[in-house]
Amino acid sequence: MSFAARLEAELEQFKQDGVYKRLNCLEGPQAARSKMQGRGEVVILSSNNYLGLCNEPEVVAAGKRALDDYGAGTGSVRFICGTFTIHRELEQALARFVGCESSLTYVSCWNANEGLVPTLLGEQDIVISDQLNHASIIDSIRLAKAITKCQTAVYRHSDMADLEDKLRAAKDARLKLVFTDGVFSMEGDIAKLPDIVALARQYEAVVAVDDSHATGVLGRTGRGTAEHYSMVGQVDIITSTLGKALGGAAGGFTAGPAAFADYLTQRSRPQLFSNALPPTVAASALAAVRHVQQHPERVARLQEHARYFRERLVALGFKPLPGETPIVPVILGATAKAIKMSELLLDEGVFVTGFGYPVVPQGHARIRCQLSAGHTRDDLEFALSAFKRVGTKLGLI
C-alpha cells in the first residue's frame with residue numbers, strides 16, 4: 001500500500017469510528033454570532049473567545065497600528081535579530097496581570113509548556129502531573145523524560161491525598177515540580193489551588209499552573225485561578241495563552257520570579273529556536289490585557305452568563321457537570337450520540353462541538369458549551385430553545 005493510500009484508509013477508518021473532525025468555515029470574525037459557510041448566521045457556543053475580544057475594535061486597531069509600526073514579523077529569533085519593544089511591553093503587562101515578577105512570550109501556550117519542563121528538570125528532578133492535564137503538559141513531560149531523563153509521576157485528578165503520596169515518595173528529588181491546569185478544559189472544574197500550594201510548601205515543591213482557560217475568566221478582575229482563590233502572587237509559575245480570552249489571535253507566555261524569564265531566554269529551546277510572536281499579535285494582546293483591566297464588567301458578565309446557562313440547562317432536564325466556569329459540559333456517554341447532537345444543534349443554528357474518545361475517556365462523550373461575555377441574553381435563549389428541541393428529539397429530556 002502506498003503512503004497516500006495508507007493515509008486515505010486511516011482517514012476512512014476515522015470516519016467509521018466517529019472520530020473524524022470536520023472543519024466548519026466561518027466567513028466573518030469570531031463572535032457571539034458569526035456567519036458560517038453554507039449555514040448563514042449561527043450562535044457560537046464552541047469558542048474560547050470568553051470575553052468577546054476577538055473582534056473588539058480597540059484590540060483590532062492595536063494590531064493594525066503595529067503592522068505599520070513594526071512590519072509583518074520579526075524575521076528571526078529574538079536574541080539573534082533583536083527584540084521589539086512591543087514584546088517587552090506585553091511581557092511586563094502580563095507579569096503584572098497574573099501577579100508574577102517576569103514573563104516571557106511564546107508563539108503558543110503549547111510552546112510555553114513545552115519549553116518549561118525540559119528546561120527546568122534533569123535526572124535528579126521530578127514533575128508530578130494531574131491525571132487530566134492538557135495534552136500540552138503531557139507532551140512537555142514526555143519530552144522532558146526522553147531528553148533530560150527526569151522522573152515523572154501522575155496523581156489522580158484533584159486527589160490531594162494521592163498528590164501528597166507522590167510528593168512524599170519524591171522527598172529526595174532535587175526539584176519537585178507540581179504541574180496542573182487551573183481550569184480543566186474538558187470538565188470545566190477548577191484545580192484545588194490552595195491545597196496544592198499548601199502541600200507544595202510542606203514538601204518544598206514548586207507549583208506550575210497552566211491558566212489558559214482561567215486567564216480573563218476567573219476572579220473578580222479576570223486574573224485567573226489565583227485571584228479566584230485570593231492567592232495572587234502565591235503561585236510560583238504560571239503559563240497561559242493569548243489565544244482565548246485575551247483576544248484569541250495566538251501566543252502564550254510563562255510567568256514567574258524575577259530571574260525566571262531571563263533563565264528561559266537563555267535555555268528554553270522553543271524560545272531559542274523560533275521566531276517571536278508577530279508584532280500585530282503582541283500589540284493586540286497588549287490591548288486586550290489593558291481592556292480587561294479597564295472593563296472588569298466583562299468578566300462579571302461572563303460569569304453571570306455561565307451561571308445562567310448552566311441553571312437553565314438543568315431546568316430543561318439536562319445534567320451538565322457542576323462548576324463555576326464558562327465551560328459547561330453535558331455528558332452523553334456514546335461518541336455517536338455527542339456527534340449527532342452537535343450536528344442537530346448546528347441544523348438549529350447553534351455551533352457547539354461534540355467530543356468523544358480519544359479526546360475524552362471512553363463512555364464520557366459530551367457536548368461542551370462555552371459561554372462568552374459577548375453573548376446577549378437573546379443569544380442564550382436562542383441556544384437553550386435549540387437544546388430543548390434537540391434534547392427532546394434524541395430522548396435526552
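**Buried and exposed backbone features and helix packing**

S158 is buried, with a relative accessible area of 11%, where buried means under 20% relative accessible area, exposed over 50%, and partly exposed in between (1.4 Å probe, protein chains only). The model is a predicted one, in which local features need pLDDT of at least 70 and side-chain atom pairs count only at pLDDT 80 or more, whereas totals for chains, interfaces and linings use all residues. Residues are numbered from 1 along each chain as its sequence is written, and side-chain values use heavy atoms, with hydrogens and water left out.

The phi angle of S158 is near 55 degrees, a positive value in a residue other than glycine, and S158 sits in the loop between β5 (151-155) and α8 (160-169); here helices (H or I, at least four residues) and strands (E, at least two) are DSSP runs, numbered from the N terminus. A phi near 55 degrees, again positive in a residue other than glycine, is also found at S230, which is placed in the loop between α10 (225-228) and β8. S230 is exposed, with a relative accessible area of 63%. A further backbone feature is the cis peptide bond that joins Y357 and P358, with omega about 10 degrees, and P358 belongs to the loop between β12 (353-355) and β13 (365-370).

Helix α4 (residues 85-98) has 14 residues and reaches 20 Å from its first C-alpha to its last, close to the 20 Å expected at 1.5 Å a residue, the expected span being 1.5 Å times one less than the number of residues. Buried residues of α4 are I86, H87, L90, E91, A93, L94, A95, F97 and V98, and these pack against α2 (57-70), α3 (78-81), β3 (102-106), β8 (237-241), β9 (252-256) and α13 (279-294), with contact meaning heavy atoms within 4.5 Å. Just after α4, G99 takes a positive phi of about 85 degrees.

Two packed helices are described by the angle between their axes and the distance between the axes. The axes are lines fitted to C-alpha atoms, for helices over the stretch in contact, and angles run from 0 to 180 degrees between N-to-C directions. The axes of α4 and α13 come within 9 Å and cross at roughly 30 degrees, and this crossing of α4 and α13 is left-handed, a term used if the near helix is turned anticlockwise from the far one by less than a right angle, with right-handed used if clockwise. On the α4 side, I86, H87, E89, L90, A93, L94 and F97 meet P279, A282, A283, A285, L286, V289, R290, V292 and Q293 of α13. The residues of this contact of α4 with α13 divide into twelve nonpolar, two polar and two charged, where Ala, Val, Leu, Ile, Met, Phe, Trp, Tyr, Cys and Pro count as nonpolar, Asp, Glu, Lys and Arg as charged, and the others, Gly among them, as polar.

Helix α15 (residues 335-347) packs with helix α16 (residues 377-393) at an angle of about 135 degrees, their axes being 10 Å apart. That angle makes α15 oblique to α16, since angles under 35 degrees count as roughly parallel, over 145 as roughly antiparallel, 65 to 115 as roughly perpendicular and the rest as oblique. The crossing of α15 and α16 is right-handed. In α15, M341, L344 and L345 meet A386, F387, V390 and K393 in α16, and the residues of the contact of α15 with α16 divide into six nonpolar, no polar and one charged.
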